[in-house]
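Me: I have a model open here and would like to talk it through. Could you take a look with me?

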Amino acid sequence: MDNNKFVAADLISVVKACAHSRCAGSLLSTSKAIEELRIMSGDFVTPDEEMAEAISEAAIALGCTVVFDERAGADTLNMTPRLIGGPRPT
C-alpha cells in the first residue's frame, strides 16, 4: 500500500484525537480513526482496509496499541471508565 496517499500530519492528528490513554498506554480504535480521517481528508473512496493500515502504521510509530474493529459506524469500543470492586463512595 502507498501511504503517501495520506498526509502525515492528518494521520498523526487522527491518532492523537482518537487514541484513548490508559495507565498501560494508548489504545486506538480503527473504526473511529477511519471515520475521522475520512472527514479530515475528504476521502470517502479509499477502502477501510487501506485507511486502517495507514492509520495503524502511524499509531504504532507513536506508541499506541491498535484495535482493528472496523464495523458500520464509529465508536464500537466502549471506553467508559468502570469502577472495579465495591459500591461507589458517597
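Me: Where is the place of Val67?
Reply: This is a predicted model, and in it Val67 belongs to strand E3, which covers residues 64-67.

Me: And is Val67 buried, exposed or partly exposed?
Reply: Val67 counts as partly exposed, because its relative accessible area is 26%, and buried would require a value under 20%.

Me: Switching to H3, which of its residues are buried?
Reply: The buried residues of H3 are Met51, Ala52, Ala54, Ile55, Ser56, Ala58 and Ala59, and what covers them includes helix H1 (8-18), strand E2 (25-29), helix H2 (30-41) and E3.

Me: How far apart are the end C-alpha atoms of H3, and what span should it have?
Reply: Helix H3 runs over residues 48-61, and its 14 residues should span 20 Å at 1.5 Å a residue, which agrees with the 20 Å between its end C-alpha atoms.

Me: What follows H3?
Reply: Gly63 follows H3, and the phi of Gly63 is positive, near 85°.

Me: Stepping back, in what order do the elements run?
Reply: Starting at the N terminus, the order is α-β-β-α-α-β, with 3 helices and 3 strands in the protein.

Me: How much of the protein counts as buried?
Reply: Of its 90 residues, 30% count as buried, while the accessible surface comes to about 5,900 Å², with 55% of that belonging to carbon and sulfur atoms.

Terms used:
Residues numbered from 1 in each chain as written. Predicted model: local features only at pLDDT ≥ 70, side-chain atom pairs only at ≥ 80, totals over all residues. Heavy atoms only, no water. Helix = DSSP H or I, 4+ residues; strand = E, 2+ residues; numbered from the N terminus. Buried < 20%, exposed > 50% of the residue type's maximum accessible area, 1.4 Å probe, protein only. Areas by Shrake-Rupley, 256 points an atom, 1.4 Å probe, with all protein chains shown as cover. Expected span 1.5 Å × (residues − 1). Contact = heavy atoms within 4.5 Å.
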